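Have the sequence and the 3D view open while you read.

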Amino acid sequence: MSKFKKDNGKKLPGVNTSSLPDIVFMLLFFFMVATTSKEVDPTVDVDQPTGTKTTDLTPYKQRSEIDFLYLGEPRNKARLNDFKMGYALSLDNVVQATSDELYTTNAVGQWKKDKFEEKKSRVKVPITGVITCVKADKGAPTGLIFDIRKELQNVDGLTIAYAVRDNGNI
Amino acid sequence: MAKRDIPEINAGSMADIAFLLLIFFLVTTTMDKDQAYIRNIPKKVEIKTEIIEVEQRNVLAIKANNQNQLMVRGEIIADPDKISEKIIEFYNTNRNVNDLTNDFPTYTHPTKNEIEANLKAAEKELESFEEQDAGDALIDYAYSKIDEWDKMKRSLKLFGGNDFPLINSQANIRIEVQTRTQYSLFAKIQTEIEEAIFELRDTEAKRIFGESYGVIKTRYISDEEPIDKGKLDLLDVLYPARIIEVTPKN
(Lines give C-alpha, C1' and ligand atoms only; values in the text may rest on other atoms or scores of the structure.)
Protein backbone atom coordinates (compact mmCIF):
# COMPACT_ATOMS: atom_id res chain seq x y z
CA MET A 1 0.00 0.00 0.00
CA SER A 2 1.73 3.13 -1.09
CA LYS A 3 0.59 6.68 -0.68
CA PHE A 4 2.15 7.80 -3.93
CA LYS A 5 0.85 6.86 -7.28
CA LYS A 6 3.32 5.36 -9.55
CA ASP A 7 4.02 6.98 -12.84
CA ASN A 8 1.86 4.87 -14.95
CA GLY A 9 3.09 6.21 -18.26
CA LYS A 10 0.74 9.24 -18.38
CA LYS A 11 2.18 12.42 -19.92
CA LEU A 12 2.05 15.86 -18.26
CA PRO A 13 -0.75 17.94 -19.75
CA GLY A 14 0.52 20.76 -21.98
CA VAL A 15 0.32 24.36 -20.70
CA ASN A 16 -2.74 26.05 -22.07
CA THR A 17 -1.52 28.79 -24.40
CA SER A 18 -4.85 29.84 -25.81
CA SER A 19 -4.72 33.19 -23.95
CA LEU A 20 -1.23 34.02 -25.18
CA PRO A 21 -2.49 35.95 -28.23
CA ASP A 22 -4.66 38.05 -25.92
CA ILE A 23 -1.69 38.98 -23.77
CA VAL A 24 0.46 39.82 -26.76
CA PHE A 25 -2.32 41.87 -28.35
CA MET A 26 -2.65 43.81 -25.12
CA LEU A 27 1.05 44.62 -25.20
CA LEU A 28 0.77 45.52 -28.86
CA PHE A 29 -2.07 47.96 -28.25
CA PHE A 30 -0.20 49.53 -25.35
CA PHE A 31 2.77 50.26 -27.56
CA MET A 32 0.62 51.47 -30.42
CA VAL A 33 -1.05 54.02 -28.14
CA ALA A 34 1.88 55.08 -25.97
CA THR A 35 4.49 55.68 -28.63
CA THR A 36 4.83 57.94 -31.62
CA SER A 37 6.44 57.00 -34.88
CA LYS A 38 10.11 57.70 -35.10
CA GLU A 39 11.44 60.46 -37.29
CA VAL A 40 14.22 59.34 -39.55
CA ASP A 41 17.43 58.58 -37.72
CA PRO A 42 19.44 61.73 -38.31
CA THR A 43 22.74 61.44 -40.10
CA VAL A 44 24.32 63.83 -37.61
CA ASP A 45 24.94 63.34 -33.90
CA VAL A 46 22.50 65.37 -31.87
CA ASP A 47 22.60 65.50 -28.09
CA GLN A 48 19.80 67.83 -27.11
CA PRO A 49 20.02 70.19 -24.14
CA THR A 50 17.36 69.93 -21.45
CA GLY A 51 14.68 72.39 -20.49
CA THR A 52 11.35 72.72 -18.72
CA LYS A 53 7.94 74.21 -19.50
CA THR A 54 8.15 73.16 -23.11
CA THR A 55 5.37 72.74 -25.61
CA ASP A 56 4.55 69.22 -26.70
CA LEU A 57 4.73 68.95 -30.47
CA THR A 58 2.78 65.68 -30.74
CA PRO A 59 -0.55 67.28 -31.82
CA TYR A 60 1.22 69.13 -34.64
CA LYS A 61 3.09 66.01 -35.59
CA GLN A 62 -0.12 64.03 -35.83
CA ARG A 63 -1.42 66.58 -38.29
CA SER A 64 2.00 66.37 -40.02
CA GLU A 65 2.29 70.10 -39.77
CA ILE A 66 5.90 70.04 -38.84
CA ASP A 67 9.27 69.93 -40.56
CA PHE A 68 12.31 68.71 -38.70
CA LEU A 69 15.85 69.75 -39.32
CA TYR A 70 18.87 68.52 -37.45
CA LEU A 71 22.02 70.39 -36.57
CA GLY A 72 24.83 68.37 -35.08
CA GLU A 73 28.31 66.99 -35.47
CA PRO A 74 28.75 64.87 -38.59
CA ARG A 75 28.98 61.13 -37.95
CA ASN A 76 32.22 60.97 -39.85
CA LYS A 77 34.54 62.95 -37.58
CA ALA A 78 37.27 63.09 -40.22
CA ARG A 79 35.10 65.48 -42.19
CA LEU A 80 34.63 67.85 -39.26
CA ASN A 81 36.60 70.63 -40.93
CA ASP A 82 34.53 70.48 -44.09
CA PHE A 83 31.61 72.05 -42.30
CA LYS A 84 31.02 75.59 -41.19
CA MET A 85 32.00 75.80 -37.51
CA GLY A 86 32.27 72.00 -37.42
CA TYR A 87 28.50 71.44 -37.40
CA ALA A 88 26.48 69.88 -40.16
CA LEU A 89 22.88 70.39 -41.10
CA SER A 90 20.78 67.42 -42.01
CA LEU A 91 17.71 68.00 -44.13
CA ASP A 92 15.78 64.82 -44.87
CA ASN A 93 18.86 62.78 -44.05
CA VAL A 94 21.13 64.45 -46.55
CA VAL A 95 24.28 66.09 -45.27
CA GLN A 96 26.51 68.13 -47.50
CA ALA A 97 29.48 70.25 -46.82
CA THR A 98 30.41 73.33 -48.78
CA SER A 99 28.23 76.38 -48.74
CA ASP A 100 27.42 76.43 -52.47
CA GLU A 101 26.21 72.86 -52.37
CA LEU A 102 22.70 71.79 -51.63
CA TYR A 103 21.53 71.23 -48.06
CA THR A 104 23.59 73.72 -46.14
CA THR A 105 21.89 76.57 -44.34
CA ASN A 106 21.59 78.31 -47.71
CA ALA A 107 19.25 75.60 -48.90
CA VAL A 108 16.85 75.77 -45.96
CA GLY A 109 14.57 78.23 -47.73
CA GLN A 110 14.20 76.08 -50.84
CA TRP A 111 13.78 72.95 -48.74
CA LYS A 112 11.01 74.56 -46.68
CA LYS A 113 9.22 75.72 -49.83
CA ASP A 114 9.40 72.23 -51.36
CA LYS A 115 8.13 70.69 -48.15
CA PHE A 116 5.19 73.05 -48.10
CA GLU A 117 4.27 72.45 -51.74
CA GLU A 118 4.25 68.75 -50.97
CA LYS A 119 1.77 69.03 -48.10
CA LYS A 120 -0.25 71.99 -49.32
CA SER A 121 -3.32 69.94 -50.14
CA ARG A 122 -3.54 68.25 -46.72
CA VAL A 123 -2.51 71.02 -44.36
CA LYS A 124 -4.94 73.80 -43.57
CA VAL A 125 -2.55 76.38 -42.14
CA PRO A 126 -0.62 78.84 -44.34
CA ILE A 127 3.15 78.53 -44.61
CA THR A 128 3.63 81.11 -41.86
CA GLY A 129 2.03 78.69 -39.41
CA VAL A 130 3.88 75.51 -40.38
CA ILE A 131 6.35 74.81 -37.62
CA THR A 132 9.96 74.22 -38.44
CA CYS A 133 11.54 72.34 -35.57
CA VAL A 134 15.27 72.77 -35.14
CA LYS A 135 16.87 69.91 -33.27
CA ALA A 136 20.29 71.15 -32.43
CA ASP A 137 23.18 69.68 -30.48
CA LYS A 138 24.13 71.16 -27.12
CA GLY A 139 27.31 72.65 -28.51
CA ALA A 140 25.94 73.94 -31.81
CA PRO A 141 26.74 77.61 -32.32
CA THR A 142 23.66 79.83 -32.25
CA GLY A 143 25.06 81.72 -35.23
CA LEU A 144 24.04 78.77 -37.40
CA ILE A 145 20.58 78.73 -35.88
CA PHE A 146 20.15 82.38 -36.74
CA ASP A 147 21.32 81.58 -40.30
CA ILE A 148 18.50 79.04 -40.51
CA ARG A 149 16.11 81.57 -39.01
CA LYS A 150 17.03 84.13 -41.64
CA GLU A 151 16.44 81.65 -44.46
CA LEU A 152 13.05 80.78 -43.01
CA GLN A 153 12.16 84.45 -42.76
CA ASN A 154 12.93 84.84 -46.46
CA VAL A 155 10.33 82.23 -47.40
CA ASP A 156 7.77 83.34 -44.78
CA GLY A 157 8.10 80.19 -42.67
CA LEU A 158 7.58 82.27 -39.59
CA THR A 159 7.07 79.68 -36.86
CA ILE A 160 10.18 78.08 -35.44
CA ALA A 161 10.52 75.60 -32.60
CA TYR A 162 13.71 75.12 -30.64
CA ALA A 163 13.77 71.50 -29.54
CA VAL A 164 15.02 70.49 -26.12
CA ARG A 165 14.63 67.40 -24.01
CA ASP A 166 12.09 68.07 -21.30
CA ASN A 167 13.35 66.92 -17.93
CA GLY A 168 9.91 66.13 -16.81
CA ASN A 169 8.97 67.87 -13.58
CA ILE A 170 5.74 69.57 -14.47
CA MET B 1 -27.22 15.44 -47.07
CA ALA B 2 -26.07 15.16 -43.50
CA LYS B 3 -25.16 18.33 -41.67
CA ARG B 4 -21.45 18.62 -41.25
CA ASP B 5 -19.69 20.20 -38.31
CA ILE B 6 -17.59 23.18 -39.28
CA PRO B 7 -14.06 22.45 -38.14
CA GLU B 8 -12.59 24.92 -35.64
CA ILE B 9 -10.03 27.32 -36.98
CA ASN B 10 -6.61 26.64 -35.59
CA ALA B 11 -5.63 29.74 -33.62
CA GLY B 12 -2.22 28.46 -32.62
CA SER B 13 -0.35 30.84 -34.87
CA MET B 14 -2.32 33.89 -33.70
CA ALA B 15 0.30 34.52 -31.01
CA ASP B 16 3.06 34.48 -33.62
CA ILE B 17 1.24 37.05 -35.74
CA ALA B 18 0.64 39.28 -32.74
CA PHE B 19 4.28 38.99 -31.70
CA LEU B 20 5.37 39.98 -35.16
CA LEU B 21 3.21 43.12 -35.07
CA LEU B 22 4.37 43.91 -31.56
CA ILE B 23 8.02 43.72 -32.54
CA PHE B 24 7.37 45.87 -35.60
CA PHE B 25 5.86 48.60 -33.44
CA LEU B 26 8.62 48.30 -30.86
CA VAL B 27 11.23 48.93 -33.52
CA THR B 28 9.61 51.71 -35.53
CA THR B 29 8.26 53.87 -32.72
CA THR B 30 9.79 55.86 -29.96
CA MET B 31 8.66 56.75 -26.47
CA ASP B 32 10.21 60.19 -26.16
CA LYS B 33 8.11 63.07 -27.30
CA ASP B 34 9.22 66.05 -29.27
CA GLN B 35 9.35 68.97 -26.90
CA ALA B 36 10.23 72.45 -28.00
CA TYR B 37 9.84 76.18 -27.48
CA ILE B 38 7.72 77.68 -30.22
CA ARG B 39 8.70 81.17 -31.29
CA ASN B 40 7.58 83.48 -34.04
CA ILE B 41 9.97 85.02 -36.49
CA PRO B 42 9.04 88.61 -37.40
CA LYS B 43 7.81 89.08 -40.94
CA LYS B 44 10.30 90.46 -43.37
CA VAL B 45 9.54 94.05 -44.33
CA GLU B 46 10.83 95.76 -47.42
CA ILE B 47 9.83 99.26 -46.39
CA LYS B 48 12.47 101.05 -44.41
CA THR B 49 10.83 102.51 -41.35
CA GLU B 50 12.11 104.98 -38.85
CA ILE B 51 13.78 103.34 -35.90
CA ILE B 52 11.67 103.91 -32.85
CA GLU B 53 13.59 104.78 -29.73
CA VAL B 54 12.82 102.39 -26.91
CA GLU B 55 13.38 103.64 -23.42
CA GLN B 56 16.09 101.73 -21.62
CA ARG B 57 13.75 100.94 -18.75
CA ASN B 58 11.50 98.94 -21.07
CA VAL B 59 14.23 96.60 -22.27
CA LEU B 60 15.35 93.46 -20.55
CA ALA B 61 18.41 92.50 -22.50
CA ILE B 62 19.84 89.04 -21.93
CA LYS B 63 23.23 88.86 -23.56
CA ALA B 64 25.44 85.84 -24.05
CA ASN B 65 28.87 86.03 -25.63
CA ASN B 66 31.13 83.64 -27.49
CA GLN B 67 32.60 82.40 -24.21
CA ASN B 68 29.11 81.57 -22.94
CA GLN B 69 29.13 84.29 -20.31
CA LEU B 70 25.83 85.89 -19.42
CA MET B 71 24.79 89.46 -18.84
CA VAL B 72 21.29 90.56 -17.84
CA ARG B 73 20.49 94.28 -17.85
CA GLY B 74 24.19 95.16 -17.75
CA GLU B 75 24.94 92.87 -14.86
CA ILE B 76 27.18 89.85 -15.27
CA ILE B 77 25.52 86.70 -14.03
CA ALA B 78 27.32 83.46 -13.27
CA ASP B 79 24.31 81.27 -12.56
CA PRO B 80 21.82 81.09 -15.47
CA ASP B 81 19.04 80.01 -13.08
CA LYS B 82 18.94 83.60 -11.81
CA ILE B 83 17.54 84.91 -15.12
CA SER B 84 13.95 84.01 -14.27
CA GLU B 85 14.16 86.00 -11.02
CA LYS B 86 15.31 89.01 -13.02
CA ILE B 87 12.40 88.63 -15.41
CA ILE B 88 9.87 88.40 -12.58
CA GLU B 89 11.41 91.51 -11.02
CA PHE B 90 11.18 93.25 -14.40
CA TYR B 91 7.44 92.59 -14.65
CA ASN B 92 6.41 93.03 -11.05
CA THR B 93 8.36 96.01 -9.69
CA ASN B 94 6.05 98.77 -10.91
CA ARG B 95 2.91 96.69 -11.17
CA ASN B 96 1.14 98.15 -8.17
CA VAL B 97 2.67 101.60 -7.90
CA ASN B 98 4.58 103.38 -10.64
CA ASP B 99 7.93 104.51 -9.31
CA LEU B 100 9.59 106.72 -11.91
CA THR B 101 12.92 106.75 -10.10
CA ASN B 102 13.68 103.08 -10.72
CA ASP B 103 14.72 101.41 -13.94
CA PHE B 104 11.73 99.15 -14.64
CA PRO B 105 8.85 99.47 -17.14
CA THR B 106 5.89 101.52 -16.02
CA TYR B 107 2.28 100.37 -15.93
CA THR B 108 -0.84 102.04 -17.24
CA HIS B 109 -4.36 101.41 -15.99
CA PRO B 110 -6.65 101.66 -19.03
CA THR B 111 -10.37 101.88 -18.29
CA LYS B 112 -13.18 100.37 -20.33
CA ASN B 113 -13.96 103.70 -22.01
CA GLU B 114 -10.35 104.26 -23.01
CA ILE B 115 -10.08 100.81 -24.55
CA GLU B 116 -13.33 101.30 -26.47
CA ALA B 117 -12.12 104.67 -27.75
CA ASN B 118 -8.94 103.02 -28.97
CA LEU B 119 -10.91 100.25 -30.63
CA LYS B 120 -13.03 102.80 -32.45
CA ALA B 121 -9.93 104.71 -33.52
CA ALA B 122 -8.41 101.50 -34.89
CA GLU B 123 -11.59 100.73 -36.82
CA LYS B 124 -11.58 104.21 -38.31
CA GLU B 125 -7.97 103.78 -39.30
CA LEU B 126 -8.83 100.57 -41.12
CA GLU B 127 -11.65 102.32 -42.98
CA SER B 128 -9.37 105.10 -44.11
CA PHE B 129 -6.74 102.60 -45.24
CA GLU B 130 -9.34 100.71 -47.24
CA GLU B 131 -10.59 103.92 -48.86
CA GLN B 132 -7.10 104.96 -49.84
CA ASP B 133 -6.25 101.44 -51.04
CA ALA B 134 -3.15 101.62 -48.90
CA GLY B 135 -1.85 98.12 -49.60
CA ASP B 136 -2.15 94.76 -47.89
CA ALA B 137 0.58 95.33 -45.35
CA LEU B 138 -1.09 98.38 -43.83
CA ILE B 139 -4.56 96.80 -43.89
CA ASP B 140 -3.21 93.68 -42.16
CA TYR B 141 -1.61 95.93 -39.61
CA ALA B 142 -4.92 97.71 -38.97
CA TYR B 143 -6.71 94.39 -38.57
CA SER B 144 -4.13 93.15 -36.08
CA LYS B 145 -4.55 96.37 -34.12
CA ILE B 146 -8.32 95.92 -33.97
CA ASP B 147 -7.83 92.33 -32.80
CA GLU B 148 -5.49 93.52 -30.11
CA TRP B 149 -7.88 96.11 -28.70
CA ASP B 150 -10.79 93.72 -28.97
CA LYS B 151 -8.85 91.12 -27.01
CA MET B 152 -8.08 93.75 -24.40
CA LYS B 153 -11.75 94.70 -24.14
CA ARG B 154 -12.81 91.11 -23.60
CA SER B 155 -10.00 90.59 -21.10
CA LEU B 156 -11.02 93.58 -19.00
CA LYS B 157 -14.56 92.30 -18.91
CA LEU B 158 -13.30 88.97 -17.61
CA PHE B 159 -10.90 90.62 -15.18
CA GLY B 160 -13.73 92.64 -13.67
CA GLY B 161 -13.50 96.08 -12.14
CA ASN B 162 -12.96 99.37 -13.85
CA ASP B 163 -9.37 99.01 -15.05
CA PHE B 164 -6.45 96.61 -15.00
CA PRO B 165 -2.69 96.97 -14.84
CA LEU B 166 -1.08 96.91 -18.25
CA ILE B 167 2.68 96.93 -18.77
CA ASN B 168 4.17 99.51 -21.10
CA SER B 169 3.55 98.38 -24.68
CA GLN B 170 7.23 98.74 -25.47
CA ALA B 171 8.41 96.45 -22.68
CA ASN B 172 10.25 93.52 -24.19
CA ILE B 173 12.68 90.75 -23.46
CA ARG B 174 15.62 90.78 -25.80
CA ILE B 175 17.97 87.87 -26.38
CA GLU B 176 21.29 88.96 -27.78
CA VAL B 177 23.73 86.19 -28.56
CA GLN B 178 26.95 85.98 -30.50
CA THR B 179 27.65 83.56 -33.32
CA ARG B 180 29.62 81.08 -31.20
CA THR B 181 27.33 81.03 -28.19
CA GLN B 182 26.40 77.41 -27.57
CA TYR B 183 22.88 76.26 -28.30
CA SER B 184 22.58 74.81 -24.79
CA LEU B 185 22.91 78.31 -23.32
CA PHE B 186 20.43 79.74 -25.83
CA ALA B 187 17.98 76.99 -24.89
CA LYS B 188 18.64 77.71 -21.22
CA ILE B 189 17.70 81.36 -21.73
CA GLN B 190 14.49 80.29 -23.46
CA THR B 191 13.76 77.92 -20.56
CA GLU B 192 14.24 80.67 -18.00
CA ILE B 193 11.96 83.05 -19.90
CA GLU B 194 9.30 80.38 -20.19
CA GLU B 195 9.60 79.55 -16.48
CA ALA B 196 9.31 83.19 -15.43
CA ILE B 197 6.29 83.87 -17.63
CA PHE B 198 4.68 80.66 -16.41
CA GLU B 199 5.19 81.59 -12.78
CA LEU B 200 3.80 85.11 -13.25
CA ARG B 201 0.73 83.89 -15.12
CA ASP B 202 0.25 81.00 -12.72
CA THR B 203 0.12 83.29 -9.67
CA GLU B 204 -2.37 85.53 -11.43
CA ALA B 205 -4.47 82.60 -12.63
CA LYS B 206 -4.68 81.21 -9.12
CA ARG B 207 -5.70 84.61 -7.79
CA ILE B 208 -8.39 85.31 -10.40
CA PHE B 209 -9.73 81.88 -11.35
CA GLY B 210 -8.52 79.74 -8.46
CA GLU B 211 -6.81 77.22 -10.75
CA SER B 212 -3.33 76.89 -12.10
CA TYR B 213 -2.21 78.20 -15.48
CA GLY B 214 -0.93 74.78 -16.49
CA VAL B 215 -4.34 73.22 -15.87
CA ILE B 216 -6.13 75.83 -17.99
CA LYS B 217 -3.58 75.46 -20.76
CA THR B 218 -3.71 71.67 -21.01
CA ARG B 219 -7.50 71.75 -20.84
CA TYR B 220 -7.62 74.27 -23.67
CA ILE B 221 -5.37 72.10 -25.82
CA SER B 222 -7.62 69.07 -25.40
CA ASP B 223 -11.10 70.68 -25.32
CA GLU B 224 -10.64 74.07 -27.01
CA GLU B 225 -13.40 75.69 -25.02
CA PRO B 226 -13.94 79.41 -25.58
CA ILE B 227 -14.04 80.10 -21.81
CA ASP B 228 -10.50 78.82 -21.46
CA LYS B 229 -9.45 80.77 -24.51
CA GLY B 230 -10.70 83.93 -22.82
CA LYS B 231 -8.81 83.09 -19.65
CA LEU B 232 -5.59 82.48 -21.54
CA ASP B 233 -6.06 85.72 -23.47
CA LEU B 234 -6.47 87.66 -20.24
CA LEU B 235 -3.29 86.17 -18.79
CA ASP B 236 -1.51 86.96 -22.03
CA VAL B 237 -2.65 90.57 -21.85
CA LEU B 238 -1.59 90.92 -18.22
CA TYR B 239 1.82 89.34 -18.75
CA PRO B 240 2.67 89.59 -22.43
CA ALA B 241 5.72 87.63 -23.58
CA ARG B 242 7.32 89.90 -26.13
CA ILE B 243 10.53 88.13 -26.97
CA ILE B 244 12.95 89.58 -29.48
CA GLU B 245 15.79 87.45 -30.76
CA VAL B 246 18.50 89.67 -32.11
CA THR B 247 20.46 88.27 -35.04
CA PRO B 248 24.14 88.21 -34.06
CA LYS B 249 26.56 90.26 -36.09
CA ASN B 250 29.62 88.58 -37.52
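Some ground rules come before the tour. This is a predicted model, in which local features need pLDDT of at least 70 and side-chain atom pairs count only at pLDDT 80 or more, while totals for chains, interfaces and linings use all residues. Residues are numbered from 1 along each chain as its sequence is written, chains are lettered from A and ligands numbered from 1 in the order in which they are written, and side-chain values use heavy atoms, with hydrogens and water left out.

**The chains**

Start with chain A, which has four helices and nine strands. Here helices (H or I, at least four residues) and strands (E, at least two) are DSSP runs, numbered from the N terminus. Reading from the N terminus, the elements of chain A go α-β-β-β-β-α-β-β-β-α-β-α-β. Of the 170 residues in chain A, 44% are buried. Buried means under 20% relative accessible area, exposed means over 50%, and partly exposed is in between (1.4 Å probe, protein chains only).

Chain B comes with seven helices and nine strands. Its radius of gyration is 26 Å, well over the 18 Å that the globule rule gives for 250 residues, so chain B is more spread out than a compact globule. That radius is taken over C-alpha atoms, and the globule rule is 2.2 Å times the number of residues to the power 0.38. Along the principal axes, the C-alpha atoms of chain B fill a box of roughly 100 × 50 × 45 Å. Buried residues account for 38% of the 250 residues in chain B.

**Rings and charges**

Over all chains, the structure holds 10 aromatic pairs. Rings of Phe, Tyr and Trp (its six-membered ring) pair if their centres lie within 6.5 Å; planes under 30 degrees apart count as stacked, over 60 as edge-to-face and the rest as tilted. One of these pairs is Phe146(A) with Phe186(B), edge-to-face at 5.8 Å centre to centre and 70 degrees between the planes. Phe146(A) sits in helix H4 (residues 142-154) of chain A and Phe186(B) in helix H5 (residues 183-208) of chain B, so this pair joins two chains. Both Phe146(A) and Phe186(B) are buried. Ring pairs also tie Phe146(A), Tyr162(A), Tyr183(B) and Phe186(B) into a cluster.

Charges can sit over rings too, if NZ of Lys or CZ of Arg is within 6 Å of the ring centre and within 35 degrees of the ring normal. Here are two cases:

| Charged residue | Ring | Distance from ring centre |
|---|---|---|
| Lys53(A) | Phe198(B) | 4.6 Å |
| Lys231(B) | Phe209(B) | 5.0 Å |

**Two loops in chain B**

Arg73(B) is not a glycine, yet its phi is positive, near 50 degrees. Look for Arg73(B) in the loop between strand E4 (70-72) and strand E5 (75-77) of chain B. With a relative accessible area of 26%, Arg73(B) is partly exposed.

Glu224(B), also not a glycine, has a positive phi of about 55 degrees. Glu224(B) belongs to the loop between helix H6 (213-223) and helix H7 (226-238) of chain B. Its relative accessibility is 57%, and Glu224(B) counts as exposed.

**The cavity lining**

Which residues line the largest cavity? They are Thr36(A), Leu57(A), Thr58(A), Lys61(A), Lys33(B) and Asp34(B). On a 1 Å grid over the protein atoms alone, a cavity is a set of points where a 1.4 Å probe fits but cannot get out, and lining residues have an atom within 4 Å of a point.

Definitions and conventions. 1 Å grid on protein atoms, 1.4 Å probe; cavity = no way out; pocket = protein on both sides within 12 Å on 5 of 7 lines; lining within 4 Å.
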